[in-house]
Every structure is written in structure tokens, then in C-alpha cells.
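Take a look at the chain below. The text then leads through it, from the overall fold to single residues.

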Amino acid sequence: GAAPIAGCMMAVGVGADDCEAAIAKAGLRSSDVCEVGAVNGAGSTVLSGDAHAVARVVVVLREGGAKVRPRRVRGTSHADHSRRLVPIAANLAWDVDGILHDKGSTALTMVVSTVTGKTADVATLRSGAHWAAHMTKRVEYVKAARCLARDHGVATFVEIGDGLLGRVTLPIVEPLRLAQTFYRIKACFLRHVADYVQAKREGRTVQRRGLDDALIEEEEEED
């Protein structure tokens with residue numbers, strides 16, 4: 001079935017615990033949905049749910065003294081990572097199971113799930129239930145980053161996106177705080193790569209200047 005039409009995701013500069021408390025105080029109806037959809041950092045949380053319910057929780061946060069400047073999450077039209085998507089979770093799980101069942105392949109690289117914040121084995125990644133949970137429950141970026149840094153010794157992160165993890169999540173993750181280098185691949189780099197590969201295939205002369213300029217922005221922070 002189609003995903004529910006109504007819904008939004010709103011980023012707020014408040015911790016998850018404070019958001020949970022505000023949700024409890026908001027006096028929402030049982031039919032209203034507002035949940036913590038993502039934990040990006042100690043003071044960065046995404047609320048997900050019905051637009052009016054999310055707006056009410058933002059009001060409660062402000063009334064409690066929090067300096068909240070909500071920011072709508074770009075590219076979202078539904079309340080991802082919330083129970084608002086539960087009606088289609090079973091369909092997603094069924095589709096994933098049908099695609100990945102008995103493929104016989106093994107994982108070629110380590111994957112940490114943002115649902116559990118732990119290393120995910122092949123069986124988990126093939127499980128439709130896991131991806132249904134990813135769609136309907138909060139994602140834990142901090143726990144996932146800590147798993148990589150503390151349990152697996154990962155010290156260098158390459159982020160494809162707008163740099164949120166580098167700005168918000170990784171700075172609070174030990175031992176990365178001591179000396180950290182974050183690389184953020186600009187979104188335009190992916191377009192340049194596609195153009196570069198296509199030109200090479202067609203035997204055309206390739207100008208590397210644009211590719212090199214778009215490649216990586218490097219930020220070094222040292223406490």
C-alpha cells in the first residue's frame with residue numbers, strides 16, 4: 001500500500017531525552033504521532049510524525065526554556081523512522097525477504113546498523129524485519145559511530161551528504177574527539193564522477209579540473 005501522505009521530520013537542537021519529555025508533556029491524542037526519529041548528537045535530534053503534533057512538541061520545548069530553531073529535514077514527505085509508517089512495514093519486509101532470500105552471498109565489508117548501533121551480520125542485513133524496523137523506529141547515529149570508533153578502531157570517516165555527521169555526531173564520539181579528520185564528499189562530486197565515467201566509456205577527452213575541485217572538503221579539528 002501507499003505510504004501515509006501526512007507527515008514531516010523536523011530537526012531540533014535539543015537532546016533526545018528532552019524531546020521525549022516534551023512529547024510526554026504535549027498532551028497529544030492517542031491518534032497523534034510524534035516520536036524521536038533520529039539521534040544525531042548530544043544536542044541534535046529529529047522529530048518525526050504528524051505535522052501538527054511535531055509543531056505542538058516544538059511549542060512545549062520552547063515553553064520549557066529550550067532555544068529551539070526547528071529545521072524541516074530536506075527531501076522528506078513522510079514521517080520516516082516513526083510508527084506512522086507501520087502500515088507499510090509488513091509489505092517492505094515481505095519485498096526485502098523476497099529479493100534477498102537464499103542469495104548465497106556473504107558480506108564483503110563490515111556494516112554497522114543504525115537501528116541497533118551494532119555490527120550487523122549477513123542474516124540481519126537480509127532480513128526484511130530489520131529494514132522494516134529501520135523505517136519505523138529511530139536511527140541511532142551516535143551509537144553506530146561509537147561502535148565503529150571504539151569497537152573496531154575506525155578513525156577516518158568519509159561522509160557522502162551534507163556533513164551532518166561530521167559537524168554533529170562525530171565530535172562527541174570518543175576517541176575521535178582527541179584528534180579527528182572528517183572528509184565530506186560534496187553532493188556534486190557524484191555527478192562529476194558519473195560524467196567522468198561516461199566520458200571515459202565514450203572515449204571523450206576528460207577534464208579532471210572539475211572532478212578534482214568537487215572531490216573532497218577536508219576539515220581538521222583538534223582539541
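What follows starts with the whole chain and then turns to its parts.

This is a predicted model, in which local features need pLDDT of at least 70, side-chain atom pairs count only at pLDDT 80 or more, and totals for chains, interfaces and linings use all residues. Residues are numbered from 1 along each chain as its sequence is written, and side-chain values use heavy atoms, with hydrogens and water left out.

The chain has 9 helices and 8 strands. These are DSSP runs numbered from the N terminus: helices are H or I with at least four residues, strands are E with at least two. Of the 223 residues, 36% are buried. Buried means under 20% relative accessible area, exposed over 50%, and partly exposed in between, with a 1.4 Å probe and protein chains only. The accessible surface, by the Shrake-Rupley method with a 1.4 Å probe, is about 13100 Å². Carbon and sulfur atoms hold 53% of that surface. Among contacts (heavy atoms within 4.5 Å) with a separation of 6 or more, 70% join residues 24 or more positions apart.

Now to a pair of helices. Two packed helices are described by the angle between their axes and the distance between the axes. Helix 1 (residues 16–25) packs on helix 2 (residues 51–63) at about 110 degrees, and the axes are 9 Å apart. Helix 1 is therefore roughly perpendicular to helix 2, a class that covers angles of 65 to 115 degrees. The axes are lines fitted to C-alpha atoms over the stretch in contact, and angles run from 0 to 180 degrees between N-to-C directions. From helix 1, D18, C19, A22, I23 and K25 meet V57, V60 and L61 of helix 2. This contact has 6 nonpolar, no polar and 2 charged residues. Nonpolar here means Ala, Val, Leu, Ile, Met, Phe, Trp, Tyr, Cys and Pro; charged means Asp, Glu, Lys and Arg; the others, Gly among them, are polar.

Next come the loops. H81 sits in the loop between strand 4 (71–72) and helix 3. Most residues other than glycine have a negative phi. H81 is not a glycine, yet its phi is positive, at about 60 degrees. H81 is buried, at 12% relative accessibility.

T114 lies in the loop between helix 3 (86–100) and helix 4 (122–126). T114 is buried too, with a relative accessible area of 17%. Beyond its neighbours within four places in sequence, T114 contacts H134, R138, V139, E140, Y141 and A144.

Helix 5 spans residues 128–136, and its buried residues are G128, H130, A132, A133, M135 and T136. S127 caps the N-terminal end of helix 5, with a side-chain oxygen 3.2 Å from the backbone nitrogen of A129.

Notes: Angles under 35 degrees count as roughly parallel, over 145 as roughly antiparallel, 65 to 115 as roughly perpendicular and the rest as oblique. A polar contact is a pair of N or O atoms within 3.5 Å; within protein, one must be able to donate a hydrogen and the other to accept it, and residues adjacent in sequence count only if both atoms are side-chain atoms.
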